[in-house]
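Hi there,

Here is the structure I promised to pass along. Please have a look, and then read on for the notes.

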Amino acid sequence: MTASTTAPSAAQDTHAHIDPAAQVAAAGSFVPVQTRSERPHSFDPADFDAPTGREVNWKHTPVERLRALLADEPGDEHAVSIDLDAAEAFLVPDEEDAYGQFFRPEDRVSALAWRHARRGLHLRIEEGDEVAEPVVLRIDGTGAGKRAFGQLLIEAMPNAQATVVLDHHGSAQYAQNVEIIAREGSRLTVVSVQRWADDAIHAAAHQARVDRDAALTHFVVSFGGGVVRVNPSLELAGAGSEGRMYGLSYADAGQHLESQVYLHHKGPHTTGDVLYKGALQGESAHSVWIGDVLIGPDATGTDSYEANRNLVLTEGARADSIPNLEIETGDILGAGHASATGRFDDEQLFYLQARGIPEEEARRLVVLGFLSDIVQRLRIPALEEELLAAIEAELAEVSA
């Protein structure tokens, strides 16, 4: 299955947030992709050159550490094991035509995962069903250096309600595609948790479509892995649809945790909320967040906001944060974006210390308060407890 890839239009100088490299190249015959909406899509890996690190969607990524996922070779079927547990009740027979209803690879890693991943993980919440407990898939890497490709389809049928959790552990080099469809009137939450070992490499593309009067809440929670690059894309296709995209990361020394987020308001009267928060500690700890919001010409009555907040806890850590906003209609309720990266708020520390709280405990409380905002939005008590415990463990390393 292939899709044609169209070269970007030459008439691109009206778009905001032009990449600096594009301004240099614009004088020549080639005009590079400048915005997320213009990126080419294809199911054929040959349509994507191997990234060099100079491309707009790769320039903040340690490409060399991802080289194993860029080779057009089959993966090891035993490199990753998936424990379905209760999720098995929601599996539907493998239907080749079910995949790719909305998903379109937009880079080489995703196209390779499409080519080499086995089909068969299709979770469907049937029409009208309200699933009270989270549907959990535990995904375990079975060994450092082993390479695997994964393809998953999550589908909520009309008026269904459910929460699906993808919980990643162990070690592997794993390229993963996740296609998500929230059909009319459904309420779906998808949580992707990365608790990999320090030598794991994980590159994932999540692409979601939300239909009329449906709502999708999507979480990316990254606490472990050498390189973790989870890029979620959400299209609010139907009138009255809602999309909430939340993220939480905690980068340690040597870790690279990245998310390139895309929210496309396509239908009228849609609502979007994007909030990603991260903490960093240790030499060469690195986080990357790139947030793109497109309000299309037919997305009248849209209300949208995106924000990224980062807390740098030690010297040597670095957070890159780039919010972008495109608006193609003047008839909206509101739209905005924000980004902030900094160290501890001295006023908060002073306030706590003035009330007799020691500095070390005050710092702990500030970080917990900063990150727990995202944790509490999960509304999964067991997972919230695990993540708060993980934050406490990370903070103990800072003060040790």
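How many cavities of 30 Å³ or more does the structure hold? There are 3. A cavity here is a set of points on a 1 Å grid over the protein atoms alone where a 1.4 Å probe fits but cannot get out, and lining residues have an atom within 4 Å of a point. Volume is the space filled by probe spheres set on the points, with grid points joined across faces, edges and corners.

Before the details, two notes on the source. This is a predicted model, where local features need pLDDT of at least 70 and side-chain atom pairs count only at pLDDT 80 or more, while totals for chains, interfaces and linings use all residues. Residues are numbered from 1 along each chain as its sequence is written, and side-chain values use heavy atoms, leaving out hydrogens and water.

The largest cavity has about 160 Å³ of space. It is lined by 20 residues, and Asp-107, Ser-110, Ala-204, Ala-205 and Asn-231 are the closest to its centre. Strand S6 gives the largest share of this lining, 5 residues. (Helices, H or I of at least four residues, and strands, E of at least two, are DSSP runs numbered from the N terminus.)

The second largest cavity holds about 130 Å³. Its 17 lining residues include Ser-249, Ser-259, Tyr-276, Val-288 and Trp-289, the closest to its centre. Strand S9 (242–251) is among the strands that supply at least two residues of this lining. In S9, 8 of the 10 residues are buried (under 20% relative accessible area, with exposed over 50% and partly exposed in between; 1.4 Å probe, protein chains only). S9 runs parallel to S7, joined by 8 bridges, and also parallel to S11, joined by 10 bridges. Two strands pair if DSSP finds at least two bridges between them.

Now for the rings: the whole structure has 6 aromatic pairs. Rings of Phe, Tyr and Trp (its six-membered ring) pair if their centres lie within 6.5 Å; planes under 30 degrees apart are stacked, over 60 edge-to-face, and the rest tilted. Phe-43 and Trp-114 are a tilted pair, because their centres are 4.6 Å apart and their planes at 55 degrees. Both Phe-43 and Trp-114 are buried. Phe-103 and Trp-114 have centres 6.2 Å apart and planes at 10 degrees, so that pair is stacked. Phe-43, Phe-103 and Trp-114 form one aromatic cluster.

Happy browsing!

How values were computed. On a 1 Å grid over the protein atoms alone, a cavity is a set of points where a 1.4 Å probe fits but cannot get out, and a pocket is an open set with protein on both sides within 12 Å along at least five of seven lines; lining residues have an atom within 4 Å of a point.
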